[in-house]
Amino acid sequence: MYLKSIEVHGFKSFANKIVFEFHNGITGIVGPNGSGKSNVADAVRWVLGEQKVKQLRSASMQDVIFAGTENRKPVSFAYVAITLDNSDHQLPLDYNEVTVARRVYRSGESEYLINGTQCRLKDVNELFYDTGIGKEGYSIIGQGQIDKILSGKPEERRELFDEAAGIVKFKRRKATALKKLEDEQQNLVRVNDILAELTRQVGPLERQAEHAKVYLKKKEELKECDQNLFLLEMERMDTELEGLEEKCGITEHQQAEIRQKFEGIKSRYEELEKQVAQADEQIGELQQSMNDTGVSKEKLEGQINVLREQIHTAQQNEEHVRSRVEALQADVDRQQKEGEDYSSRQTELEAGIREIEQKKRLLTEKLETLRKETAGMEQQMEAGKAEILRLLNARASMKAEQQRLKTMQEQASIHRAQLNKELLEQKSGGDDVSGLLFKQEKELAELKEQIVSMEEEKTSIEKKRTNWQQEFEELRGRMDQCKEQYHKDSSRLESLRNIAERYDGYGNSIRRIMERKADTPGIHGVIADLIKVEKAYETAIETALGGSIQNIITDNEDTARQMIEYLKKNRYGRATFLPLTSVSAPEHVPAEKALGETGVIGIASSLVHTQPQYEKVAGYLLGRVLVMDTIEHAVMVARKFRYSLRIVTLEGESLQPGGSMTGGAFRNNSNLLGRNREIEILEKQVADCRAQAQEIRSRMEDVKTANALLKDDYEELQVNLQQAYLHKNTLEMETSHIREQQEKQEAAYAGIHEEIAKIDADKKEWSIDQAQMEEQIQMSVDKEAEITGQNNVLSQQVENKNLEIESVSQDLNDVLLEIAQKQQQKNFLQQNIRRTEEEIHRLNQEKKQILEDSANSETAIEEREKQIRQLQEQSEAAVLQKQGLDEKLTVIRTQKETMLGEQKNFFCTAGRTFTDYE
């Protein structure tokens, strides 16, 4: 088992989907810092079930989702999947590859998948028990964890040893079992506590029950007494009611007379009230007008006083304006004088700065010239030193070469004597090597022919093995598909059988009756179980049956009556029974006359299949129903036969006699008719799958046997081929060695003569070279002495130039310091000049604003005097208006007093009238 691939999408820095493919051998992921190598390890730890966010180097689980950048949008989920090779079936799954995946969304939803099937985190953990793979095992060791393992506690190291030993699964199962036992023990303790508490409460509850019984008895007695008391009170109230009815008759007569007089008095009183209300309204209006007039007069007088005060204030401000203008003009003159002084000082500084800048430029040029001259002298000195060093190296090389030539002359003399001896030996050994070479080449040719034949046989066997393996893989794929279909159909079949046995989809009363079927032989079953319908007609037949599909067939009326009594006794509901002895099909079927019409499929009873004993029941329920293909044809037939037929369509629409229509989207959740048909189909499919799986398994065994036989032949041929290649390589090496030996002998024989001649020539040449080297060594010594003298002169000149450079540099630094001081003074003067200009501008602006305000003040005084004259005229008119309103208010108040007196006399007269009636 090994890791084949890792698929990452949306996890941390992996915005795009990426797949890491791993093969047999060692595979590593390398890259610079920050490229995401650690994110790959985090992805593996995460998909194996890591729940600790800190282990993933994040703050929350949503942080592992790619959060986006300036150029990329964030993704909505993170997905990681690892694929393991399970050809050795070390993992407890019947797959050659196992893919474990994990997905998390930003909403917090998370899911785990094994081979695409959703599972629990517990399933993932149990899958990798005792494999060495897991988020807590030794398969993932991050940065710093080696030191943590070595320096950790013994308990922590023991976990790694347990994982390696393969006992983690059992230890965790043991811990789980112990935890469950502990929980059950706690539950038992709680149950015992509850029993003890309930036992303790039994005695008090018995006493309370006795008190409750006494209370209920007393309550019934009290209820009876209350009823008797109510009857006595009712008789007394009836007597009082008769006397009150007599008094009511007399009172009603008096009330009619009083009501008639009251209506006349009321009309006169309402008229007086209206007149008084009108007078009050007029008085209120006049008072409001007077108040408005008084307020207006006071407001006008206040405005006149305000205007007079404004005129007085403006006259006082004129003197203040004149004094302020004179002060501002004096400040402007003073600032102008200071600005002129700063400008003259700035001019003097600029002239001094220009003079110093000229001096600085001369010193800089002189310093640059001195430095160039010094650099040239130093460069000449370095060149001289390098030449001396080269001469020394050359002399050393020539001396070494002289010694080498002397040694070579001595060795050449010795080697010449050895070559003469070898020349005699080579002449005697050449004949034996030629015979041995011919024999080896013949044997090698025969062996190569055998190897070619074995390679052809090997290729043939490999091709056959490949074909068998392909067929085996195809059979395995078919087997997996067959197993998947078998499990799917088996699960569906088992589910349908359970549903049928429990009678799901039927009413409660039907299920209760069918539970008694085994005890009551007269119950045959429900309609849906006893008739069979083709799939194309299921919707139409179920629509035609309606609620009758749950009717129960019994052998006779007695059985039906017993079941009805059973339902009534236990209050289980209602059910419809069809006794075979009383139910019969109709003799005349009106729908038969419509069988020849367009779209008619047939009578519903003829489209179902059932046992002969239930044919009358089918005719009774479906013999009057006509089945048609579409609603359009059904409407045409119903209209033609004056809506006297009951018609259903294949899609479930229904037309009733009389003209009513039923239709719409057909939702058949129970599928009572198709359930048995689907069970039969599934049983056949399951049996076919089982037979097919057996056939495939048999073929797989045959293929495996054939492949195993070929494997034995292939391995034997491989061993023979390896031995042949080994023998061939040995012969080739021996032949090559003999051939090389022969060539060496021939070359050595010719080379010895050449080497002897070369040695003689070299010895003569070496003697000439030694003489030339002696002359070159003497010339090198003379050249070294000349260069040393020149360098001494240049060194003295460089020292003098350096002293002059230091002097010029000091003068230049003094000049730069002076320039900086002058520049600072210049900046200070410029700031003062700018400040005085801003101050002069501000003072002129203030002066201008004051003069403008003064001119506006004179115009405002004239305008305010004109307003005062207008307001005085309005005040005199308001006084005259108020006097007129006072006179009118006096007249209206006199009229109101007269009407109030009349109202008072009215109340006295009406009071005497009502007193007479009483």
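The model is predicted, so to speak of local features a pLDDT of at least 70 is needed, side-chain atom pairs count only at pLDDT 80 or more, and totals for chains, interfaces and linings use all residues. Residues are numbered from 1 along each chain as its sequence is written, and side-chain values use heavy atoms, with hydrogens and water left out.

**The cavity**

- The whole structure holds 1 cavity of 30 Å³ or more (on a 1 Å grid over the protein atoms alone, a set of points where a 1.4 Å probe fits but cannot get out; lining residues have an atom within 4 Å of a point).
- The largest cavity has a volume of about 60 Å³, the space filled by probe spheres set on the points, which are joined across faces, edges and corners.
- Its lining includes Ile527, Leu545, Tyr614 and Leu622.
- Helix 10 gives the largest share of that lining, 4 residues (helices are DSSP runs of H or I, at least four residues, and strands are runs of E, at least two, numbered from the N terminus).

- Strand 5 (residues 110–114) is mostly covered, with 4 of its 5 residues buried (under 20% relative accessible area, 1.4 Å probe, protein chains only).
- Strand 4 (residues 97–105) runs antiparallel to strand 5, joined by 5 bridges (strands pair if DSSP finds at least two bridges between them).
- Strand 5 also pairs with strand 6 (residues 117–119) in the antiparallel sense, over 3 bridges.

**The hairpin turns**

- Between strand 4 and strand 5 lie 4 residues, and glycine 108 in this hairpin takes a positive phi near 100 degrees.
- The hairpin of strand 5 and strand 6 has 2 residues between the strands, and here asparagine 115 takes a positive phi near 55 degrees.

Definitions and conventions:
1 Å grid on protein atoms, 1.4 Å probe; cavity = no way out; pocket = protein on both sides within 12 Å on 5 of 7 lines; lining within 4 Å. Buried < 20%, exposed > 50% of the residue type's maximum accessible area, 1.4 Å probe, protein only.
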